[in-house]
Amino acid sequence: MPVEEFVAGWISGALGLVLGHPFDTVKVRLQTQTTYQGIVDCMVKIYRHESLLGFFKGMSFPIMSIAVVSSVQFGVYSNALMVLTATSHQERWAQPPSYAHVFIAGCAGGFLQTYCLAPFDLIKVRLQNQTEPRAQSGSPPARYRGPVHCAASIFQEEGPRGLFRGAWALMLRDTPTMGIYFVTYEGLCRQYTPDGQNPSSATVLVAGGVAGITSWVAATPLDVIKSRMQMDGLRRRVYQGVLDCMASSVRQEGLGVFFRGVTINSARAFPVNAVTFLSYEYLLRWWG
Ligand SMILES: C[N+](C)(C)CCCC[C@H](N)C(=O)O
């Protein structure tokens, strides 16, 4: 099994993650809290109350877990394609796989990635939603002191299954949209690359960026539900399950609720996924 695919996925995912985290914090807050008027209001408030550090809350765990999450995403995708089409990554531009195979391999990557991602994503969302400024004398302390304390508290207060809160919504979000992600990327690369050649850097950047936006727009409705389920259980349980969370969110806020955070998420998705794919392609070419 080609290990390079996993390592390239890890490095590329980490680069994208750091670049996109400040946008991600704004997105999560807009999806789960009602105190902000919009993107600019949310950014200004975070900066005023929590300084620049506020934007980087909840980043340390994702940085550690990205090794597993991103390498599973790309590694499973690429190895699934190899099984389906009997071509390695290097041969793939010369003998392009069918879009059905790309989609299935993408879904497989998305599905398996969910299991690694769920607990880390939960902790990220809980920490991103803490609005207290960093420990200052006098101000009330935040509920969670950091990622390890957060994980331990969830385990104690909500049980081991509590660590997988929102995992079902996450799986429903990522399985099909990871298929969309890779199909968009492949489709755009082929469109702008002469047959049999490697795509240029500009093509990879644009195709990666657009794949990020397209898949995230499709993923946003379930992303909102996922974030809400993850915050549920912190105080009083409000939602019975995914469907109940959807129904009660729509009842209270209208259909627009499914697109909360979509603008900031798209602004984040372009650079994050452009850089991720560029780094992924270059690392594999370099090692190949
Ligand atoms: C989840 N969904 C399949 C829509 C997009 C996947 C893109 C993954 C990338 N690391 C990012 O954070 O943007």
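Arg268 and Asp24 form a salt bridge, with their closest N and O atoms 3.8 Å apart. A salt bridge here means a side-chain nitrogen of Lys or Arg within 4 Å of a carboxyl oxygen of Asp or Glu. Side chains of opposite charge can pair when their charged atoms come close. This pair links distant parts of the chain: Arg268 is in helix H9 and Asp24 in helix H1 (residues 4-32), 244 residues apart. Helices are DSSP runs of H or I with at least four residues, numbered from the N terminus. The count of salt bridges comes to 18.

This is a predicted model, where local features need pLDDT of at least 70, side-chain atom pairs count only at pLDDT 80 or more, and totals for chains, interfaces and linings use all residues. Residues are numbered from 1 along each chain as its sequence is written, and side-chain values use heavy atoms, leaving out hydrogens and water.

Now turn to the ligand. Arg268 is also one of the residues around the ligand, each with a heavy atom within 4 Å of it. Others include Asp174, Tyr181 and Ser215. By class, this shell has 5 nonpolar, 3 polar and 3 charged residues. Helices H6 (167-191), H7 (201-231) and H9 (262-287) each supply at least two shell residues. H6 gives the largest share, 5 residues.

Next come the polar contacts, pairs of N or O atoms within 3.5 Å. A side-chain N or O atom of Arg268 is 2.8 Å from a ligand oxygen. For Trp216, a polar side-chain atom lies 2.9 Å from an oxygen of the ligand. For Asn273, the distance from such an atom to a ligand oxygen is 3.1 Å. The protein covers 89% of the 380 Å² of accessible area that the ligand has on its own, by the Shrake-Rupley method with a 1.4 Å probe.

Note on methods:
Polar contact = N/O pair within 3.5 Å; in protein donor to acceptor, adjacent residues only side chain to side chain. Nonpolar A, V, L, I, M, F, W, Y, C, P; charged D, E, K, R; others polar.
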